[in-house]
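Please read the points below with the structure open beside you.

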Amino acid sequence: STIAADKLKRVKRDKYINTVQKELFNVFEKPLRGLTVTQGALLMKLIDREIGKSSFDIIKDYKNGIAARFWNGIAKMFGSDLRKPYDPEGEDKEVEELVKIWEADEFYLLYWSLFWKEPPTVDIPKKYL
């Protein structure tokens, strides 16, 4: 929204994106680096579900097509595809069921019943909530 509202030119737009990227990287790098390949693939699906855009399109829009193709190649090495859209009635039906459990505020009980411990938490600064 900042990019659209300010009608930034290419150089200022790229500088702004890089600044925000560095800030987000500093805040979220540690928990994201700890994800398994499966958890990373699930995160990509949830981002697509929330935003309505594949991870490939997000990277392409904010970086460029070369970067998007590069990261899609890396994802494919691990059995994933950044271009694949979220499919709540097909391949991602189970994920959608878990999201519904989360939205109904019943996830804590489900997690506890499966693992007999509290789910792990990540402290997210209020600025990003």
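**Notes on the model**

1. Glu-96 has a relative accessibility of 12% and therefore counts as buried; buried means under 20% relative accessible area, exposed over 50%, and partly exposed in between, with a 1.4 Å probe and protein chains only. Glu-96 forms a salt bridge with Arg-49, and the closest N and O atoms are 2.8 Å apart. The term salt bridge stands for a side-chain nitrogen of Lys or Arg within 4 Å of a carboxyl oxygen of Asp or Glu. The two partners come from distant parts of the chain, with Glu-96 in helix α6 (residues 93-103) and Arg-49 in helix α3 (residues 37-51), 47 residues apart. Arg-49 is partly exposed, at 25% relative accessible area.

2. Some ground rules for reading this note. The model is predicted, so local features need pLDDT of at least 70 and side-chain atom pairs count only at pLDDT 80 or more, while totals for chains, interfaces and linings use all residues. Residues are numbered from 1 along each chain as its sequence is written, and side-chain values use heavy atoms, with hydrogens and water left out.

3. The overall fold comes next. The protein chain has seven helices and zero strands, giving the pattern α-α-α-α-α-α-α along the sequence. Helices (H or I, at least four residues) and strands (E, at least two) are DSSP runs, numbered from the N terminus. The C-alpha trace spans about 50 × 35 × 25 Å along its principal axes. Of the 129 residues in the protein chain, 16% are buried.

4. Contact means heavy atoms within 4.5 Å. Among contacts between residues at least 6 apart in sequence, 46% join residues at least 24 apart.

5. Side chains of opposite charge can pair when their charged atoms come close. A search of the whole structure finds ten salt bridges. One of them joins Lys-127 and Glu-23, with 2.5 Å between the closest N and O atoms. Lys-127 lies in the segment after α7 (107-115) and Glu-23 in helix α2 (residues 10-33), so this pair ties together parts that are 104 residues apart in sequence. Lys-127 is exposed, at 62% relative accessible area, whereas Glu-23 is partly exposed, at 30%.

6. Lys-84 and Glu-91 also meet in a salt bridge, at 3.1 Å from N to O. Lys-84 is partly exposed at 45% relative accessibility, and Glu-91 is partly exposed at 47%. Salt bridges with shared partners join Lys-45, Lys-84, Glu-91 and Asp-92 into one network.

7. Asp-92 sits in the loop between α5 and α6. Setting aside neighbours within four places in sequence, Asp-92 is in contact with Lys-45, Pro-85, Tyr-86 and Asp-87.

8. The surface carries a nonpolar patch made of Tyr-108, Leu-109, Trp-112 and Trp-116, with about 510 Å² of accessible area together. Patches are made of residues with over 30% relative accessible area and no salt bridge; like charges are joined within 9 Å, and nonpolar side chains (Val, Leu, Ile, Met, Phe, Trp, Tyr) within 5 Å. Leu-109 belongs to helix α7 and is exposed, with a relative accessible area of 60%. Trp-116 is in the segment after α7 and is exposed at 65%.

9. Trp-116 has a positive phi of about 55° although it is not a glycine. Asp-105, also a residue other than glycine, has a positive phi near 60°. Asp-105 lies in the loop between α6 and α7 and counts as exposed, at 69% relative accessibility.

Note on methods. Accessible areas come from the Shrake-Rupley method with a 1.4 Å probe; for residues, only the protein chains shown count as cover.
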